[in-house]
Amino acid sequence: MSIMVRWSEEKVIGAAPDESSLAAARKLARPGPWSDTGSNDVLVWGKCQGSGRTPYQVSVDIAAPAYRCSCPSRKFPCKHALALLLLWARGEAAEVSAETAGYAQEWVDQRGDRVATRERRHQGQQGQQADPVAQARRQADRLALMDAGIFDFARWLTDLARTGLAAARNQPYSWWDGVAARLVDAQLPGLAEQVRAMGSDVHARADWADHLLFHAGRWWALTKAWRMRDELTPREVADLRTAVGWARASAEILASEALPGPWLVLGACRSDEGRLQQQRTWLRGPDGTVVVVLDFAAQGQALATPRLAGAELDATLVQYPGSAPQRGMFTGPPVPRGLARSLGDGCSIAQALDMESAAVSLSPWQDRHPVLLAGVRFCLGDGGWLRDPAGDALPLVDAPLESLLTLTGGHPVDVFGELEDGRVRPLSVVVGQRVVTP
């Protein structure tokens, strides 16, 4: 049974796409322009009178979350959706209604139809029989191309070591991009994106030398592992395939064992991976299994609407092969069932680093590791730190430190984030029995 949990103002603010949208929403967050507002377990809706004759129709799925507004804005959520949520969060509008507004119900129905259409299309594709001979020939051709690309990449790494890593920093970005282009031609897009990112990192990071040395060593190990892949376990081969960017067909993943929910959204993060945008959504299942669901979109295209941190979803997941934390995929549209008041039991920084080390020993190719830290404080200094009661500390990365200090008041809180290169990226914080996105 789903339970409506009213959002806090902080949660609404966290959903804003930018400061200008939030500022405009604050001006609209007053009862005057609004009419026909209401809410139920899943939806908040209302009409906002703009400069035209017809009011804008606003609908918000508060658990997905998802937003719709008839205004011409291309931002999601737009200022009208944010303003409606602010009013609802304050209890100034959109009280519980027994009857859903027609336009809001129509939107829900349309979304359901689209999901059903995608499922039917997917089932149709599953039903098509592949030609095994042609499939084997294509795979052999691809492996030959990848083998040649790995050999060429190993030779480039040897030259990099011979000329010295310091010389690499003086190379223009086109030098790195050229290497990445050859990797793409060799059907190794995962490696290509790592090389492109390094072309930027060597100029942007103060610790560029350590960063490049670490990744060059890992790339070299990957070329060695690729050549001996026939001797590896299926799990190790799966990790290797992920590292080089060899995608798997959805039908193959859907045939694996299904994991029932409910799934708790621990946190989500968006990033630019070269020419792609990526959205990572971390989920924990009822048995403690943590998976990450990845969404991708080309630059300029819209990513999927992010899941709300702390939301509980009735959904079934399947996992991609490989080491934990594994990538997951929903087998159908998740159904929201409410919001959690906490993310569970966290650990100390020392325990988190031990768990990361254990994970790296199983799979050295994963860049990010999920971590739930208990009773840590945000501290000032060099971009910010997280410090636990034992005195251990981790530097922050991509963290809005001022906002986090304001949110927590310097008090101990539970934090979920991603460990990456010895730093932690906070994605959600538990404050006063509420899960908040910083």
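This briefing walks through selected strands, helices, loops and charged pairs of the structure above. The model is a predicted one, and residues are numbered from 1 along the chain as its sequence is written.

- The buried residues of helix H13 are Leu 401, Leu 404 and Thr 408, and since they fall within an arc of 60° when seen down the helix axis, they line one face of H13.
- An α-helix has 3.6 residues a turn, so residues three or four places apart point the same way.
- The cover over the buried residues of H13 includes E13, E16 and E17, whereas the face turned away from the buried side carries the exposed residues Glu 402 and Thr 406.
- Just after H13 comes Gly 409, which takes a positive phi of about 65°.

**Strands E2, E3 and E4**

- Strand E2 (residues 43–48) and strand E3 (residues 56–61) run antiparallel and are joined by six bridges, and Val 44 has Val 60 of E3 as its bridge partner.
- Strand E3 is also joined by four bridges to strand E4 (residues 66–69), again in an antiparallel arrangement, and here Val 60 stands opposite Tyr 67 of E4.

- Arg 218 and Asp 367 form a salt bridge in which the closest N and O atoms are 2.3 Å apart; because Arg 218 lies in helix H9 (residues 208–227) and Asp 367 in the loop between H12 and E13, the pair ties together parts that are 149 residues apart in sequence.
- Of these two partners, Arg 218 counts as buried at 10% relative accessibility, while Asp 367 counts as partly exposed at 32%.
- The side chains of Arg 280 and Glu 418 meet in a salt bridge with an N to O distance of 2.8 Å; since Arg 280 lies in strand E7 (residues 276–284) and Glu 418 in strand E16, the pair ties together parts that are 138 residues apart in sequence, and both Arg 280 and Glu 418 are buried.
- Arg 368 and Glu 420 form a salt bridge whose closest N and O atoms are 2.9 Å apart, and this pair links the loop between H12 and E13, which holds Arg 368, to strand E16, which holds Glu 420, 52 residues away.
- Arg 368 and Glu 420 are both buried, and salt bridges with shared partners join Arg 280, Arg 368, Asp 398, Glu 418, Glu 420 and Arg 425 into one network.

**A buried arginine without a salt bridge**

- Arg 241, found in helix H10 (residues 234–244), is buried yet has no salt bridge, and the nearest side chain of opposite charge, that of Glu 252, is 5.3 Å away; a salt bridge would need the charged atoms to be within 4 Å.
- Apart from neighbours within four places in sequence, Arg 241 is in contact with Trp 246, Ala 247 and Arg 248.

**Backbone features in loops**

- A cis peptide bond with omega of about 5° joins Gly 261 and Pro 262, and Pro 262 has its place in the loop between strand E5 (258–260) and strand E6 (263–273).
- The peptide bond from Ala 324 to Pro 325 is cis as well, with omega near -5°, and Pro 325 is found in the loop between strand E10 (316–319) and strand E11 (326–330).
- Asp 398, in the loop between E15 and H13, has a positive phi near 55° although Asp 398 is a residue other than glycine, and at 55% relative accessibility Asp 398 counts as exposed.
- Gln 433, in the loop between E17 and E18, is likewise a residue other than glycine with a positive phi, here near 60°, and Gln 433 is exposed, with a relative accessible area of 53%.

How values were computed: This is a predicted model: local features need pLDDT of at least 70, side-chain atom pairs count only at pLDDT 80 or more; totals for chains, interfaces and linings use all residues. Side-chain values use heavy atoms; hydrogens and water are left out. Two strands pair if DSSP finds at least two bridges between them. Helices (H or I, at least four residues) and strands (E, at least two) are DSSP runs, numbered from the N terminus. Buried means under 20% relative accessible area, exposed over 50%, partly exposed in between (1.4 Å probe, protein chains only). Lys and Arg count as positive and Asp and Glu as negative; His and the chain ends are not counted. Contact means heavy atoms within 4.5 Å. The arc is that of the directions from the helix axis to the C-beta atoms.
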